[in-house]
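This report goes through selected features of the structure shown below.

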Amino acid sequence: MNEIFKAPPLSTIDKEDQIGAYIQTIIQKALEHHASDIHMEPRLHDYRIRYRIDGLLFDVTTIAIDLSKRIVTRLKIMGQLDIAEKRLPQDGRIIFNGFHQMTIRINTCPSMHGEKLVLRLNNSSASLSLNKLGLLQPQYDLFYSKLIHPHGLILVTGPTGSGKTITLYSALSALNTSEHNIITIEDPIEIELSGTTQIQINDHIGISFSSILRSVLRQDPDIIMVGEIRDQETAALATHAANTGHLVMATLHANYAYDVFSRLESLGLAMDRLIFSISLIIAQRLVRKLCSHCKCTTRLSKHHPLSKFIEAKQFIYEANGCDYCYQGYSGQTAIFELLPMTDELANLMLKQATKQTILEYLTQHQWISLQIACTQKIMTGETSYQEYLRILGGIPTHVN
């Protein structure tokens with residue numbers, strides 16, 4: 001990315017309103033380039049600003065150390081943080097008034113050369129639609145069939161920045177009618193969803209996921225969204241709620257869908273309790289989309305890992321690069337694997353089957369893994385094999 005804007009000389013920024021205007025420019029330019037985060041990083045001789053665009057960081061500009069200190073102080077004031085505290089991390093929120101009002105999360109962290117700031121730009125303008133998540137048609141049909149069940153536990157897993165929040169909010173948006181009492185428990189509240197009751201966690205005053213979930217169950221909910229299952233008590237309450245007539249959706253840290261069972265067992269939940277609570281497990285990742293203006297085709301050699309899957313076409317698309325994109329990519333899409341709890345899978349889990357046995361069962365039943373989902377998007381020209389390697393690594397073994 002070319003430098004988006006240059007920092008003006010320090011002598012030209014000598015008033016607080018000029019500092020504010022410069023911060024406004026930094027944020028507004030980030031929004032124009034569809035950035036999800038702004039990184040402001042102190043170095044020995046300067047202060048670097050980078051934008052995260054489509055999952056990758058791009059250099060934007062550097063500013064002088066003296067100017068950076070004034071910008072950091074102003075941002076901390078805007079986020080209602082303690083400007084005197086530079087030894088400990090702090091979290092806050094900034095209300096930004098640009099083309100439209102939005103909330104920006106700000107986090108400070110001490111480093112060798114000063115405080116690093118990361119501004120997370122709220123994704124409230126994102127389209128919350130199941131149709132636009134990137135699900136393949138069989139996956140969409142399965143997801144929707146589980147959403148319209150009146151009870152059960154739907155778990156969404158994946159690394160930080162894999163799009164789990166948008167998946168959950170899209171599901172809630174599809175269910176958000178006047179007939180449903182929807183309550184969310186979040187840390188933090190990412191997107192304001194009208195028609196629902198959203199609760200912010202605050203551990204400092206004792207409002208934890210587990211404590212508030214116990215109270216929420218007395219609020220006559222139909223649908224509950226738990227931002228993250230972090231401990232045994234929250235996991236136990238979520239499974240109990242799913243077993244007592246509530247639809248519960250939550251995130252959990254695990255790499256793949258079949259890893260969720262071992263993760264929950266490590267939190268102290270019994271397998272027989274899990275299989276009767278869980279209705280669907282979703283794992284996901286975000287991959288960059290090839291730019292429609294400049295993507296180019298390349299013929300496959302017989303030794304290419306994908307050649308055996310697309311013999312009829314003999315080519316795939318690759319990134320090129322133009323004025324409309326970044327490194328040949330523009331935007332992101334998600335890839336998914338959905339694991340429904342079936343009677344056969346439940347029996348395997350109760351018999352403590354190995355992961356290999358479970359994967360063999362899933363393969364026999366035409367399960368769409370993350371690898372298969374990504375390969376299918378490579379075949380349709382939506383993403384590239386380079387993105388497959390960046391996100392998943394390794395070589396695909398089979399495609400439906």
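Is Cys322 buried, exposed or partly exposed? Cys322 is partly exposed, because its relative accessible area is 26%, where buried means under 20% relative accessible area, exposed over 50%, and partly exposed in between (1.4 Å probe, protein chains only).

The model is predicted, so local features need pLDDT of at least 70 and side-chain atom pairs count only at pLDDT 80 or more, while totals for chains, interfaces and linings use all residues. Residues are numbered from 1 along each chain as its sequence is written, and side-chain values use heavy atoms, with hydrogens and water left out.

**Cysteines**

A disulfide is taken as a pair of cysteine sulfur atoms within 2.5 Å. By this rule the count is zero disulfides. For Cys322, the closest cysteine sulfur is in Cys294, at 3.6 Å, which is too far for a bond. Cys109 is partly exposed, with a relative accessibility of 35%.

Helices (H or I, at least four residues) and strands (E, at least two) are DSSP runs, numbered from the N terminus. Two strands pair if DSSP finds at least two bridges between them. Six strands form an open sheet with antiparallel pairing, in the order 3-2-1-6-5-4. Strand 3 (56-63) and strand 4 (90-97) are at the edges and have a single partner strand each, so one side of each lacks a neighbour in the sheet. On average, neighbouring strands of this sheet are turned by 20 degrees against each other, direction ignored. Axes here are lines fitted to C-alpha atoms, for helices over the stretch in contact, and angles run from 0 to 180 degrees between N-to-C directions.

Seven bridges join strand 2 (residues 47-53) to strand 3 in the antiparallel sense. Ile49 has Thr61 of strand 3 opposite. Helix 2 (residues 65-78) packs on the sheet and touches strand 1 (35-42), strand 2, strand 3, strand 4, strand 5 (101-111) and strand 6 (114-121); contact means heavy atoms within 4.5 Å. The direction of helix 2 makes about 50 degrees with that of strand 6.

The 14 residues of helix 2 should span 20 Å at 1.5 Å a residue, and the end C-alpha atoms are 20 Å apart, which agrees. The expected span of a helix is 1.5 Å times one less than its number of residues. Which residues of helix 2 are buried? They are Leu67, Ser68, Ile71, Val72, Leu75 and Lys76. Seen down the helix axis, these buried residues fall within an arc of 170 degrees, so they line one face of helix 2. The arc is that of the directions from the helix axis to the C-beta atoms.

Strand 12 (residues 278-290) contains Ser279. Ser279 is buried, at 12% relative accessibility. Leaving aside residues up to four places away in sequence, Ser279 touches Lys146, Gly152, Leu153, Ile154, Pro340 and Met341.

Strand 12 has parallel and antiparallel pairings, as listed here.

| Strand paired with strand 12 | Sense | Bridges |
|---|---|---|
| Strand 7 (residues 152-157) | parallel | five |
| Strand 15 (residues 329-340) | antiparallel | 10 |

Leu155 has Ile281 of strand 12 as its bridge partner. Arg285 stands opposite Ile335 of strand 15.

**Helix 6**

The 12 residues of helix 6 (residues 232-243) should span 16 Å at 1.5 Å a residue, and its end C-alpha atoms are 16 Å apart, in agreement. The buried residues of helix 6 are Thr234, Ala235, Ala236, Leu237, Ala238, Thr239, Ala241 and Ala242. They pack against strand 7, helix 5 (209-216), strand 10 (223-226), strand 11 (247-252), helix 7 (260-266) and helix 8 (271-275).

**Backbone geometry in loops**

Most residues other than glycine have a negative phi, and most peptide bonds are trans. Gln80 has a positive phi, near 55 degrees, and is not a glycine. Gln80 follows helix 2 and lies in the loop between helix 2 and strand 4. With 73% relative accessibility, Gln80 is exposed.

Gln366 also has a positive phi, about 55 degrees, although it is not a glycine. Gln366 is placed in the loop between helix 10 (355-364) and helix 11 (370-379). The relative accessible area of Gln366 is 61%, so this residue is exposed.

Where is the cis peptide bond that involves Pro188? This bond joins Asp187 and Pro188, with omega about 0 degrees. Pro188 lies in the loop between strand 8 (182-186) and strand 9 (197-200).
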